Amino acid sequence: MEHERPDVERPESRDLLLPVCGVPPPYSPLLSPTRFFPLSGEPSPRQTIKRGKKNRFIRTWYEQRTATTAIGVIVILGVFFLVNWLMLSRLHEGRVWLRTGFAKNTYQIPKWVSSTQNVEVRRFGKSRRKHNGTYDRMLGLAAQALLENKREPKELWQEPKAQALAWKPCADQRSWSPDDGENGYIMVTANGGINQQRVAVCNIVVVARLLNASLVIPKFMLSDVWTDASQFGDIYQEEHFIKYLSPDIRIVKELPKELQSLDLEAIGSVHFISFKVTDVDVMKEAKPDFYMKHILPILHKNKVIHFVGFSNRLAFDPMPFDLQRLRCRCNFHSLNFVPRIQETGALIVKRLRNSSGSYLAPLDVHLLGPKSASSLILDNKSDPPAQKKASSSISSKYLALHLRFEIDMVAHSLCYFGGGEREQKELDSYRQKHFPSLSTLTKTKKFPSPDALRTEGLCPLTPEEAVLMLVALGFNRETRVFVAGAHIYGGNKRLAALTSLYPNLVTKEKLLSPSELQPFKNFSSQLAALDFIGCAAANAFAMTDSGSQLSSLVSGYRIYYGGGKMPTIRPNKRRLSDILLKNNTIAWNVFEKRVRKAIRQTKHVFARPTGRSVYRYPRCKECMCNDQ
């Protein structure tokens, strides 16, 4: 069969001669294209078959790849939208009300109350699991676990990270000359309990240096919650405070006579020249430039200014290096308890360690002073007979537990703790008397439900929850437990679970005789100082509320002076709550593993995050030096 190429011009007749070699030219009309001589650019049949197969293979591969890619994209988008939906649902349930509001109220309103909208409780506070406040089944399992008398995990009594050893105290180092305080005088009347007042004192020291002002010895406000009239000199050594900080600021015990006649109670705003500045006038976490812009002009004009309250009124960041170091120097070096508190604190520590030939912990001298600390390694002839008898059978190690479960914390949390209608009426009455702003809000706004608050980790741990955590972590039944705290809500009945599982549980009231305790009666701040000493000197310290000022200051003190050898247990209440809400079904071995994992994740050694407290996280270049 002949094939014609219409796009190829035919040759003239004179070109139809065969070539000498006898092979016709490629375009000879005498021969059609063959498999031996295809037309120029035309593939042979075999090549055509191969090319067709190749094209079909490429087409099939491309179609399969396109389909696979499309499926992959669809799956990725599906996962993306699913994760976003879960996150938004979580936010919708609880996170929305974690905003701060009502900054100008006379009492701090819970962080989870929204100031911008009327939060609907049933919508945002819905919880899939109900909590009745009891743990009978889990407490029975915990008792069985203690009877097995397993060996304690090593990490219970030591820091888990070698990196902790690299941090050394260095806030005592100075790189500036003293200020003369010529711009005027600063007075402060700090509110709250002893630990909140301690923070206010160190913050005002920094403000005095910032404004080149002289600081008058701080005063403490009488609180209707703490009902303690103790002043600075009743708790801290005034002379040491003045002398130690003299290279930094000028401190005086009182105003000069020419200024004592001024009306320092004049009330006004910082925007109007006045002597008195309250927490309403100064924003929370105010930065240094706020004080330079608004407070310094008042100081220049009046030569004296009086801060009232001063609760959390100085930001941690941004802060110049030397001022931040001064903050640490004030907290860790200048505030020593008076000898009366140090001596009684030494008695508590000595009896807790329970041995006649005791030892000095890394921070004992700093905490108790050289004289009181030396009594820890002397013979305990003065101890009561009960203490001597116990010393022969109990290890000298002890665990301190700050059980932040006083009625003020319980009432302020708005959580439910299993006490029924009687509990609700009692806490409502307490809120009306001590937290009127919060009480009013509960009547005008809808709050998240107690179950939702618990799910988000916003409820203080109960004594039952605390003891379940300790058993799960592996503390054996013979562990010496020192419980710090004032009057636990519910009294001895509420402590029954703790005392039954850990019979060697004591408080300062049990460790001290009535005559030794008498000087501190009716002085809650001085009693809190004894708790501070008992917790700070412990071989291991466990907190139940990371937001507690005492727990924060104690954990920071142990980091600063502990030499990386004094572990602290900081439970993540949200994770722990998720585990505890399964108390009706969870197996003990599963509960134990999950609790240990949750606590292990909080024991990382890290530098202070930006904006966080140097009193709680002193591992930063301003407070501590890192050898690594």
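Trainee: What is the torsion about the S-S bond of Cys-415 and Cys-459, and is the disulfide left-handed or right-handed?

Mentor: The torsion is about -90°, so the disulfide of Cys-415 and Cys-459 is left-handed. This is a predicted model, in which local features need pLDDT of at least 70 and side-chain atom pairs count only at pLDDT 80 or more, while totals for chains, interfaces and linings use all residues. Residues are numbered from 1 along each chain as its sequence is written, and side-chain values use heavy atoms, with hydrogens and water left out.

The structure holds 3 disulfides, a disulfide being a pair of cysteine sulfur atoms within 2.5 Å. For Cys-415 and Cys-459 the S to S distance is 2.0 Å. Both cysteines are buried (under 20% relative accessible area; exposed is over 50%, partly exposed in between; 1.4 Å probe, protein chains only). Cys-415 sits in the loop between α13 and α14, Cys-459 in the loop between α16 and α17, 44 residues apart. Helices (H or I, at least four residues) and strands (E, at least two) are DSSP runs, numbered from the N terminus.

Cys-170 and Cys-625 form another disulfide, with sulfur atoms 2.3 Å apart. Its torsion is about 105°, so this disulfide is right-handed. Cys-170 lies in the loop between β1 and β2 and Cys-625 in strand β13, so the pair ties together parts 455 residues apart in sequence. Cys-170 is buried at 1% relative accessibility, whereas Cys-625, at 28%, is partly exposed.

Cys-328 is joined to Cys-623, S to S 1.6 Å. Helix α9 holds Cys-328, and the loop between α25 and β13 holds Cys-623, 295 residues apart. Counting bonded cysteines along the chain, the pattern is 1-6, 2-5, 3-4.
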